[in-house]
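This briefing describes one protein chain, beginning with the whole and then turning to single residues. Please keep the structure in view while reading.

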Amino acid sequence: MKRIVTIQDISCIGKCSLTVALPIISACGVETAVIPTAVLSTHTAFQGFTFRDLTEEITPISEHWKKEGIGFDAIYTGYLGSFEQLELVSRLIDQFKTEDNLIIVDPVMADNGALYPGFTQEFVAEMAKLCGKADVIVPNLTEASYMLQIPYVGEEYSEENIKEMLVSLSQLGTKKVVLTGVSFAPDQLGVMAYDAEQKRFFRYFNEKLSASFHGTGDVFASAMTGAMMNNCSLEQALEVAVDYTVESIRKTMEDPEHRWYGVNFERAIPMLVERLNHC
Ligand code: PXL
């Protein structure tokens with residue numbers, strides 16, 4: 001059985017980060033170890049959230065694991081809250097990187113043209129360095145624009161613009177770059193990716209639904225990680241993850257009592273698990 005570790009916060013309510021990654025990757029039949037980097041009462045789109053930093057726990061946890069001889073088939077990082085956490089996670093990657101395992105960095109910092117509360121351009125620059133250590137990164141268009149220090153591309157861009165961004169992002173040092181939230185037609189939304197070793201681009205789209213919800217980036221990255229741990233190629237994993245994210249949004253829209261803060265990814269889990277049989 002494969003084992004990964006995912007490093008991100010626990011937002012107790014909010015359906016994002018660990019409360020999404022843990023169930024989704026476990027449902028993919030992969031042991032999912034966690035390092036919670038902070039405990040928040042809710043994610044940061046709520047007003048008045050509490051925040052307990054857990055930075056001090058990161059090194060003791062990883063050192064204990066090293067002593068126990070524990071290793072991972074993948075390290076998947078998401079929302080990280082401070083420069084110190086970036087530094088410690090970077091060291092943890094150095095400690096646990098092997099020839100065969102996969103480092104997946106989701107540089108969670110921003111969406112819809114703006115940084116999330118508490119983030120700065122200096123933090124973005126450090127996160128870009130962490131991306132340089134990854135095998136796969138999955139920024140959205142806002143995060144990519146910040147990391148490349150270019151104006152947010154908004155909704156006005158060509159395929160050529162996206163290809164240029166992908167190549168520039170790979171120059172951070174990452175082998176495979178996945179840009180999420182890409183759309184070249186009003187009714188379609190998906191991802192475009194670049195494999196810098198093979199110098200190959202690929203893209204995958206599904207229906208663009210009329211609603212947009214918080215946490216879909218984490219749903220996507222978790223499903224992609226789960227699929228790659230089931231021996232899906234990156235290309236297959238992107239298809240599975242895009243389709244699963246869309247299905248999660250669809251299930252949310254079908255639910256008259258859906259919450260505003262996250263998607264009904266739970267209801268779409270059977271579809272995700274079924275799709276893994278076809279990789
Ligand atoms: O979904 C990304 C995310 C993760 N963790 C926290 C967040 C967000 C997005 O706002 O606030 C705490």
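Two residues are in contact when they have heavy atoms within 4.5 Å of each other. In this predicted model, 67% of the contacts with a separation of 6 or more join residues 24 or more positions apart. The protein chain has 9 helices and 11 strands. Its radius of gyration is 17 Å, close to the 19 Å that the globule rule gives for 279 residues, so the chain is as compact as a globular protein of that length.

**Whole chain**

- Along the principal axes, the C-alpha atoms of the protein chain fill a box of roughly 50 × 45 × 40 Å.
- Of the 279 residues in the protein chain, 51% are buried.
- The protein chain has an accessible surface of about 12500 Å², and carbon and sulfur atoms account for 49% of that surface.

**Thr245, a residue in a helix**

- Thr245 belongs to helix H8, which covers residues 234-254.
- Thr245 has a relative accessible area of 9%; buried means under 20%, so Thr245 is buried.
- Apart from its neighbours within four places in sequence, Thr245 is in contact with Thr216, Val219 and Phe220.
- A polar atom of the Thr245 side chain lies 2.6 Å from the backbone oxygen of Ala241.
- Thr245 and Leu272 are separated by 27 residues in sequence, and their C-alpha atoms are 9.4 Å apart in space.

**Two loop residues with positive phi**

- Ser17 is placed in the loop between strand E1 (3-13) and helix H1 (18-27).
- The phi angle of Ser17 is near 40°, which is a positive value in a residue other than glycine.
- Is Ser17 buried or exposed? Its relative accessible area is 1%, so Ser17 counts as buried.
- Gln149 is located in the loop between helix H5 (141-148) and helix H6 (159-170).
- The phi angle of Gln149 is near 55°, again a positive value in a residue other than glycine.
- Is Gln149 buried or exposed? The cut-off for exposed is over 50% relative accessible area, and Gln149 is at 61%, so Gln149 counts as exposed.
- To sum up the pair, Ser17 is buried, whereas Gln149 is exposed.

Key: Residues are numbered from 1 along each chain as its sequence is written. This is a predicted model: local features need pLDDT of at least 70, side-chain atom pairs count only at pLDDT 80 or more; totals for chains, interfaces and linings use all residues. Side-chain values use heavy atoms; hydrogens and water are left out. Helices (H or I, at least four residues) and strands (E, at least two) are DSSP runs, numbered from the N terminus. The radius of gyration is taken over C-alpha atoms; the globule rule is 2.2 Å times the number of residues to the power 0.38. Buried means under 20% relative accessible area, exposed over 50%, partly exposed in between (1.4 Å probe, protein chains only). Accessible areas come from the Shrake-Rupley method with a 1.4 Å probe; for residues, only the protein chains shown count as cover. A polar contact is a pair of N or O atoms within 3.5 Å; within protein, one must be able to donate a hydrogen and the other to accept it, and residues adjacent in sequence count only if both atoms are side-chain atoms.
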